[in-house]
Amino acid sequence: MRPARGFTYVGLVVLVAVIGLVAASTVKLGSLLGRRNAEQDLLEIGREFSDALGSYAAATPAGQKREPDKLEDLLRDPRFPGVKRHLRRIYVDPMTGKAEWGLQRTPDQKGILAVYSLSEARPIKVGNFEARFAAFEKKTKISEWKFAAIGTTLLPPAMGGGSNKNDPPPAPAPAQPQTADTDMVPRAPEEPAVDPQAVGRLGFPPPKIDEPASASASASASASASASASASASPSASASASSGAVPLKK
């Protein structure tokens with residue numbers, strides 16, 4: 001009886017593992033089916049947006065823009081005094097569950113060229129699109145499915161195709177190194193001229209003005225020559241005084 005009990009336990013473990021695998025596969029399959037249905041709903045909503053953008057452009061009066069400024073302009077065209085609709089309502093994005101859409105605008109940022117989902121998920125459908133959506137084949141993200149009016153050519157933002165809602169701002173240009181300008185180098189302020197007489201009248205001693213080296217040398221040489229002349233003249237004067245002296249009478 002013991003071998004039978006062991007076999008029953010092993011069989012029960014295997015049965016539980018099989019049920020778990022089947023349940024996991026069912027959940028995964030259900031998720032894939034849900035994603036596929038959401039993508040199909042997105043294509044249908046995108047078709048509505050594409051037709052609305054085409055209808056807005058076709059009804060453009062003379063001298064008016066062909067692209068709406070915002071999605072609400074498709075609900076009621078502001079270019080006409082009466083009520084003119086190109087779209088019934090702003091749909092909810094089936095991929096995100098929100099009524100928020102990415103907008104690709106014209107290069108001047110004043111008109112909508114295309115509408116797209118903000119989902120960054122990888123699409124399940126990568127082929128067999130209808131003719132108007134042939135550009136969606138082999139795309140790697142749902143957000144690359146951009147719904148525009150038929151006949152509209154969309155360019156990447158880098159080539160002048162407008163900017164996307166979630167695109168980061170362009171990086172600032174690197175700063176250019178500044179070269180030293182000799183005219184901009186600060187110079188030492190010049191000392192003001194001092195008037196010795198004015199300083200003397202104020203009661204301060206006159207400032208000492210340094211003479212040039214050449215003038216000082218000339219003055220020193222003149223002084224030395226004068227001193228030598230005085231020294232040589234002193235013995236002669238003494239001798240003359242001695243020879244010319246008159247004896248005093250007693």
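User: Is Val18 buried, exposed or partly exposed, and why is it put in that class?
Analyst: In this predicted model, Val18 counts as partly exposed because its relative accessible area is 43%, and that class covers values between under 20%, which is buried, and over 50%, which is exposed.

User: Which residues form a nonpolar patch on the surface with Val18?
Analyst: The patch is made up of Val18 together with Tyr9, Val10, Val13, Val14 and Val22, and the accessible area of these residues together comes to about 560 Å².

User: OK, zooming out, how many helices and strands does the protein chain have?
Analyst: There are four helices and three strands in the protein chain, and from the N terminus on their order is α-α-β-β-β-α-α. As for burial, 21% of the 250 residues of the protein chain count as buried.

User: Switching to pockets, what volume does the second largest pocket have?
Analyst: Its volume is about 210 Å³, and the elements giving two or more residues to the lining of this second largest pocket are H1 and strand S2 (112-116). H1 gives the most, with three residues.

User: And which residues lie nearest the centre of that second largest pocket?
Analyst: Of the 13 residues that line the second largest pocket, Ala57, Arg66, Glu67, Ala149 and Thr152 are the ones nearest its centre.

User: What kinds of residues make up the lining of the second largest pocket?
Analyst: The lining of the second largest pocket divides into eight nonpolar residues, three polar ones and two charged ones.

Terms used
Residues numbered from 1 in each chain as written. Predicted model: local features only at pLDDT ≥ 70, side-chain atom pairs only at ≥ 80, totals over all residues. Heavy atoms only, no water. Patch = residues over 30% accessible without salt bridge, like charges linked within 9 Å, V, L, I, M, F, W, Y side chains within 5 Å. Areas by Shrake-Rupley, 256 points an atom, 1.4 Å probe, with all protein chains shown as cover. Salt bridge = Lys/Arg side-chain N within 4 Å of Asp/Glu carboxyl O. Buried < 20%, exposed > 50% of the residue type's maximum accessible area, 1.4 Å probe, protein only. 1 Å grid on protein atoms, 1.4 Å probe; cavity = no way out; pocket = protein on both sides within 12 Å on 5 of 7 lines; lining within 4 Å. Points joined across faces, edges and corners; volume = space filled by probe spheres on them. Nonpolar A, V, L, I, M, F, W, Y, C, P; charged D, E, K, R; others polar.
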